[in-house]
Amino acid sequence: MKKIRLLFVLLATALLFGGCSKDTEDLSVKGITLSKSALTLKLGNSETLTVTFFPANAANKNVTWSSLDEDIASVSNDGAVTAVKPGNATIVATSDENGEKATCSVTVTLNDPLTISGAVEGVWQKYSVINVTGHINVPAGKTLTIEEGVEVIIGTEGQDANNTKIEFIINGNLYCYGSEEMPVTFSVPADMRKPENYFARLWGGVIGSQTCGEIVFEHVLIEYTGAVTTHTSPSVTSGLFKPSGGEGMVAFNTNNPAGKYVIVNSTFRYTGEDAIYVQGGSCIFADNLFYAVGEAGGEAINVKAGCKVDAARNLMYSPNTNGFKLSNSGADGGARFQAQINAYNNTIINSGWRRDPNKPKGGSVWAESGCLANVYNNLIINCMFAAKAPNFGIDATDGPDLNSKINYNYYASGNAQSAIPQHIANGTVTALDGFKTGVADVVYGTYDVRGNALGDKNPQFVNFPFTNNPVLSYTYDDSWDFHLQDASPALSGAKTDFTPYFEGQGITINGIVYKSPTPASYFGAFGTK
């Protein structure tokens, strides 16, 4: 009996182990795929990707989602892909069990262009293309916000029988918030962006009217402006320009002494007239680039009565007449109060040479007509003249307010010469001729730094042909670097013991506080890198 029981146990054990020897089903992940391997989305749109597992009944179906470029396209934990900005990105799903991966290539495209004219307000969303086919105005009390990457393409066709060009008038508020990589752009159609049109005055510009409260330009590019007004131009019919027309418009203009205006990190180029011309408001203009400004006349920054301005760390290359024109013209003793300007730590190069040689004026900084100006720490290189102020200290009718200060500026001349006959006749062939002792209207500050010969006081830019850059050139090279080398003589000696108007409390616009740069101990817009 014992033997029978033992045999039964052995048989049961054999059966048990024999049954366990069969293969159990393997539910581990062998591979994964996505519902799409490529996906195209317009800005702001979303689409959800799904994962297929092999085997289909895999035990662990958890994955981790990621984007290889979240600035282009983002992805949520459930596979929802959202288009962020134009470009290409790769979405990756990774198995939590064994690291198996599946990918989807995502292309983000611009939304369909919008066609705009007339009264506008609201938001022009990121990376949009706005085709402007007629005059634009932001109504009083309304606001237009333009987000980063927006391209505002201004049509160049005449708007009436007078061939009136398009104008962009701000009666309310305008906020332009670009970024370094994706600025807001005001330009013309792509086929019109060519050298023969640099001074063709293809549209008017951005004009803040008497009711315009606030304008901000952060990382904005504006170009091909300067159209000549007609008697049917909106700026003329609204009283912003002469009623007869015939004035060249500027790229940026203000008219409200109670307004607030900030332009930072922006570029102005290919303007028929001035880049910035302000006739009212509290203003900060800082860290901007100006080049190819003005056709037969024109300044980078032109300030009139009714303005309080801090302008610092701007780079001005080849403005037609001046980097700065500072004047109290238009003062009425009331709302149009005395023009007050701090122009400091700017770099001004090749200014003044393209001015009509039969009407020479200015050359770097021109201060006149009772404005209160502090002009300090500017690096003035290869300009036709040093800072000028007619009858300064003698007659504030012609020159600036007697309390103005024009000092602590740095002047140097390379070897390049003008071959224009009138320049030769006037004795202004090199920049040195325009700031040496005895030149009419030039201001000689006690603490100025001045080269005594061609090539003297070379500021030693990191990369710029100081010695031989043609004085009449307005072609800007993006590879230039106007930081100063470690051994530069322009790194010390500037004035720091003054306070700009808006360095402390700043100017608050749309809930953002903007403050003027602190005066630097070096000359010019840039120190060392």
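R201 counts as buried, because its relative accessibility is 14% and buried means under 20% relative accessible area, with exposed over 50% and partly exposed in between (1.4 Å probe, protein chains only). R201 sits in the loop between β17 (184-187) and β18 (206-208). Strands (E, at least two residues) and helices (H or I, at least four) are DSSP runs, numbered from the N terminus. R201 has a positive phi of about 55° although it is not a glycine.

The model is predicted, so local features need pLDDT of at least 70 and side-chain atom pairs count only at pLDDT 80 or more, while totals for chains, interfaces and linings use all residues. Residues are numbered from 1 along each chain as its sequence is written, and side-chain values use heavy atoms, leaving out hydrogens and water.

N377 also is not a glycine, yet it has a positive phi of about 65°. N377 lies in the loop between β34 and β35 (379-381), and N377 is buried, with a relative accessible area of 0%. Another backbone feature is the cis peptide bond from F54 to P55, with omega near 0°. P55 belongs to the loop between β4 (51-54) and β5 (63-67).

Next comes the sheet. Strands of a sheet pair through backbone hydrogen bonds, either parallel or antiparallel. Two strands pair if DSSP finds at least two bridges between them. Here 10 strands form an open sheet with parallel pairing, in the order β11-β13-β16-β19-β22-β25-β28-β31-β34-β36. The edge strands, β11 (122-124) and β36 (405-406), each pair on one side only. Between β34 (residues 372-376) and β36 there are two bridges in the parallel sense, and N374 stands opposite K405 in β36.

The aromatic side chains come last. Rings of Phe, Tyr and Trp (its six-membered ring) pair if their centres lie within 6.5 Å; planes under 30 degrees apart count as stacked, over 60 as edge-to-face and the rest as tilted. The count by this rule is 29 aromatic pairs. In one of them, the rings of Y317 and Y476 have centres 6.1 Å apart and planes at 65°, so the pair is edge-to-face. Y317 is in strand β29 (residues 315-319) and Y476 in the loop between β39 (461-463) and β40 (481-484), 159 residues apart. Both Y317 and Y476 are buried. The rings of F461 and F464 are edge-to-face too, because their centres are 5.8 Å apart and their planes at 85°. F461 and F464 are both buried.
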